[in-house]
Amino acid sequence: MTNAVDLFDLTQKEREAQAAYRTTVLCCGSTACLSGGAQATQDAIASALEERGVQQDVRMVATGCMGLCSRGPLVKIRTRGGEDVLYADVDEAAGRTIAEDHVVGGEVVADKQLSLTHPFFARQERVVLENMGEIDPNRIEEYIARGGYTALRDAITTMTPAGVVEVVQRSGLRGRGGGGYPAGTKWGLLAKAVSDQKTVIANGDEGDPGAYMDRTIMEDDPHRVLEGLALAAYATGAKQGYIYVRAEYPVAVRRLEQAIRQAKRHKLLGKNLFNSEFEFNVEIRIGAGAFVCGEETALMASIMGQRGTPVLRPPYPTERGLWGHPSMINNVETLANVPTIMRRGADWFAGIGTRTSRGTKVFALAGKLRNTGLIEVPMGITLREIVEEIGGGVPDGKAFKAAQTGGPSGGCIPVEHADTSMDYDSLLALGSIMGSGGLIVMDDDVAMPEVARYFMRFCMDESCGKCLPCRAGTFEMHQLLDAICEGRATAATLARLEILCDVVRTDSLCGLGQTAPNPVLSTLHYFRDEYEARVVPPKVAAEATVAATSERSA
Amino acid sequence: MTMASEHAAAGNAHSDRAPVRPPDDPRAALLNTQLKKVRYRADALIEVLHAVQDIYGHLSGDVLRTVADALELPPSRVLGVATFYHLFTFEPRGEHTCTVCTGTACFVKGADALMQGVSEAFGVGQDETRADGAVSLLQARCIGSCGLAPVALVDGVVVAKAKPDQLVAALRAAGVDAPAADGDNEAEAPRRSDDEAAAVVPGGAA
């Protein structure tokens with residue numbers, strides 16, 4: 001394929017091929033469903049269809065994540081001219097029944113059906129995840145049939161690079177990695193830089209423990225990431241792109257590598273794209289387990305094969321980045337928004353969400369909830385709507401106590417503030433952050449000082465050790481939190497902890513240290529009573545310390 | 001490790017890119033292929049270290065020295081990068097591994113209990129390999145299956161919504177015995193039924 005017409009042809013061909021089947025069986029093949037036995041379900045359905053001799057009328061697709069991970073394996077049946085039917089908890093036996101009764105017999109299997117009007121689905125708005133559960137991520141044709149790569153084609157053939165920057169700017173898209181920096185402004189900075197060696201980088205180093213939005217996007221719609229990155233390159237004048245992926249995500253790496261090969265074969269990457277002068281190539285770089293590599297300068301060091309230690313900014317990467325050349329780093333989810341923005345327009349996108357936070361946000365909804373999984377909601381939805389309607393509330397008769405956003409850099413939102421709008425600024429005002437999208441719901445069994453200790457331990461382990469406030473401060477704070485959790489703390493311990501929070505926050509070199517105190521500050525702010533309840537008189541604390549020390553040395 | 005001094009004694013090995021020795025070790029051939037694939041580029045160091053770990057199971061001083069020579073990097077730089085990243089390991093792993101996810105969702109849902117259950121049943125500490133090399137108990141930052149928390153991996157197989165007993169049963173089924181030292185009560189305990197062990201096999205999880 002070398003030009004726009006071919007892309008159109010391919011779309012037509014794939015759509016016709018798909019339409020020829022009477023029934024489509026979409027089986028969720030995401031990591032979560034696979035660990036719940038989705039492969040066996042798929043095999044059971046396939047063999048049941050084969051036994052009935054109808055396999056040639058049925059298209060079986062192993063799709064990406066359908067969202068409701070806690071009810072997997074999920075299977076969706078699409079019949080020509082009929083409504084989609086979704087099934088949950090489909091084990092092998094249920095898969096067989098669905099194949100025989102529904103696919104062959106035309107009768108819906110009621111006891112496994114999950115209504116698509118269920119609030120978990122009805123309250124969502126899908127932009128980034130529009131292809132999830134719809135396409136086979138291993139086939140470029142399916143992405144193209146759903147309008148894929150038309151945004152890149154139209155940008156290259158009908159728009160100037162500055163025009164593309166302008167659309168992204170006007171859409172109001174902000175960085176989805178957590179910072180919330182306006183994407184269009186960043187693109188504008190790289191576009192202005194003068195160099196013939198610019199690079200664009202997709203940050204897929206999703207380090208927040210409890211979040212898997214970016215993994216799902218890379219695994220289940222890899223071409224969307226490539227198209228977003230190619231658009232960024234066209235807009236900014238970059239020729240080379242990198243996707244930095246955590247080593248913990250081997251499937252994402254495999255799917256992206258395959259997607260790059262397919263895109264090259266269809267001349268959607270490489271030289272003279274769509275018969276223009278524009279040339280763009282992408283390489284994948286794999287991390288090796290370092291949270292700090294989510295930080296821009298550390299990530300670039302890691303791409304260059306070095307220790308992932310950050311350096312002071314400025315100069316910002318858009319001035320001096322990879323190998324000293326101007327570079328730009330965007331989060332995977334940020335880039336995944338761009339193809340849809342280009343296709344549907346900046347005004348359409350800006351119409352979703354709130355005045356300062358446009359568009360949608362993908363959250364990994366987890367913790368003490370009935371429905372957990374991956375959701376995409378318009379910004380401005382309230383936390384209560386997410387927890388109670390989409391999440392189905394807290395199970396086992398427990399009470400919703402707080403939600404944690406932003407992982408080790410974020411904070412908690414207590415139930416009294418559950419009606420807050422989920423947008424960048426409201427969350428910041430509450431002492432939390434939007435973060436990359438981890439949203440962990442806690443019930444009244446969870447003790448907040450222990451949550452703070454958990455995150456501090458994480459930051460301590462992940463501190464790169466370059467600057468003292470972070471290296472020593474996180475260690476010291478962890479010891480203090482340990483003392484608080486184990487009844488060895490006095491009122492002075494608490495005071496010392498607060499002073500340290502301030503020092504580490506203001507004096508650390510990079511975002512890891514600067515935000516490490518956030519979980520402590522936020523839980524202290526809203527749940528101070530839990531900390532104070534654990535404080536003991538100095539004599540008791542001293543005795544407990546002696547006991548703990550002798551136990552350790554015994 | 002005394003890589004730097006030994007390397008200095010070895011003289012300048014940079015000028016000719018001698019193949020990784022010994023040549024009759026099939027693992028060395030695999031590493032050579034990998035080095036060729038990245039065209040001996042120094043910035044591919046992390047990829048090469050991943051390859052070494054895949055091929056050899058862990059990073060040993062000898063192989064790191066070889067990598068330093070092949071990529072024309074100071075050994076200090078290779079060791080510096082290798083020790084910076086958590087996924088690289090310098091000790092051989094146990095025959096069987098149990099990796100407990102310690103992400104936030106798993107933490108909230110009781111990853112600690114999983115860790116403790118396995119640790120007590122098999123006498124292996126967190127992030128450790130038992131002295132007899134039978135089993136390693138490791139933690140993972142987050143494997144991204146938060147909807148199924150708490151999650152653990154037994155020899156790479158995901159156990160969703162895991163319970164301590166389930167992990168213990170799975171490891172026993174894999175052939176890991178109770179620790180030798182205080183194995184009296186454990187050794188006489190009946191092995192878990194196959195049904196429980198089957199729950200960890202993909203497809204068997206309810």
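Student: What share of chain B is buried?
Tutor: This is a predicted model, so keep that in mind. Of the 206 residues in chain B, 40% are buried.

Student: How many helices and strands does chain B have?
Tutor: Chain B has 10 helices and 5 strands.

Student: Let's take one helix. How many residues of α8 in chain B are buried?
Tutor: 7 of its 10 residues are buried. Helix α8(B) covers residues 164–173 and is mostly covered.

Student: Which ones are they in α8(B)?
Tutor: Pro164(B), Gln166(B), Leu167(B), Val168(B), Ala169(B), Ala170(B) and Leu171(B).

Student: What follows α8(B)?
Tutor: Gly175(B) does, and its phi is positive, near 105°.

Student: Back to Leu167(B). What does Leu167(B) contact, beyond its sequence neighbours?
Tutor: Leaving out neighbours within four places in sequence, the contacts of Leu167(B) are Cys98(B), Leu114(B), Gly117(B), Val118(B), Ala152(B), Val154(B), Val159(B) and Ala162(B). Leu167(B) is also among the residues with the most contacts inside the largest nonpolar core.

Student: Which others are in that group, and how many residues does the largest nonpolar core have?
Tutor: The core has 230 residues. Alongside Leu167(B), the residues with the most contacts inside it are Leu231(A), Val151(B) and Ala152(B). Note that Ala152(B) is also one of the contacts of Leu167(B).

Student: Switching to chain A. How many residues of α10(A) are buried?
Tutor: 8 of its 8 residues. That is helix α10(A), residues 213–220. The buried residues include Asp214(A), Arg215(A), Glu219(A) and Asp220(A). Met213(A), Thr216(A), Ile217(A) and Met218(A) are buried in α10(A) too.

Student: What about Trp323(A), what's its phi?
Tutor: Positive, about 50°, although Trp323(A) is not a glycine. Trp323(A) also sits in the loop between α13 and β9 of chain A.

Student: Why does Trp323(A) count as exposed?
Tutor: Because Trp323(A) has 12 other C-beta atoms within 10 Å, and the exposed class takes 12 or fewer.

Student: And Tyr40(B), what's its phi, and is it exposed or partly exposed?
Tutor: Tyr40(B) has a positive phi of about 55° and is not a glycine either. With 13 C-beta neighbours inside 10 Å, Tyr40(B) counts as partly exposed. Tyr40(B) is in the loop between α2 (26–37) and α3 (45–56) of chain B.

Student: Now sheets. What's the strand order in the open sheet of chain A?
Tutor: β11-β10-β14-β12-β13, with mixed pairing across 5 strands.

Student: Which strands stand at the edges?
Tutor: β11 (373–378) and β13 (411–414) of chain A. Each has a single partner strand, so one side of each has no neighbour in the sheet. On average, neighbouring strands of this sheet are turned by 30° against each other, direction ignored.

Student: How do β10(A) and β11(A) pair?
Tutor: In the antiparallel sense, over 6 bridges. Val362(A) stands opposite Glu376(A) in β11(A).

Student: Last topic, the chain contact. How many residues does each chain give?
Tutor: Chain A gives 40 residues and chain B gives 36 residues. On the chain A side, α2 (31–35), α3 (38–51), β10 (360–367) and β14 (438–443) each supply at least two residues. The most comes from α2(A), with 4 residues.

Student: How does that side of chain A divide by class?
Tutor: Into 17 nonpolar, 18 polar and 5 charged residues.

Student: And inside chain A, what are the domains?
Tutor: The domain assignment gives domain 1 (21–118), domain 2 (147–350), domain 3 (360–444) and domain 4 (449–553). The centres of domain 1 and domain 2 of chain A are separated by 35 Å, taken over C-alpha atoms. Between them, 4 residues of domain 1 contact 5 residues of domain 2.

Terms used:
Residues are numbered from 1 along each chain as its sequence is written. Chains are lettered from A and ligands numbered from 1 in the order in which they are written. This is a predicted model: local features need pLDDT of at least 70, side-chain atom pairs count only at pLDDT 80 or more; totals for chains, interfaces and linings use all residues. Two residues are in contact if their C-beta atoms, placed from the backbone, lie within 7 Å. Ala, Val, Leu, Ile, Met, Phe, Trp, Tyr, Cys and Pro count as nonpolar, Asp, Glu, Lys and Arg as charged, and the others, Gly among them, as polar. A residue is buried if 20 or more other C-beta atoms lie within 10 Å of its own, exposed if 12 or fewer, and partly exposed in between; C-beta atoms are placed from the backbone. A nonpolar core is a set of buried Ala, Val, Leu, Ile, Met, Phe, Trp, Tyr and Cys residues joined through C-beta atoms within 7 Å. Domain bounds come from an automatic or database domain assignment. Two strands pair if DSSP finds at least two bridges between them. Axes are lines fitted to C-alpha atoms, for helices over the stretch in contact, and angles run from 0 to 180 degrees between N-to-C directions.
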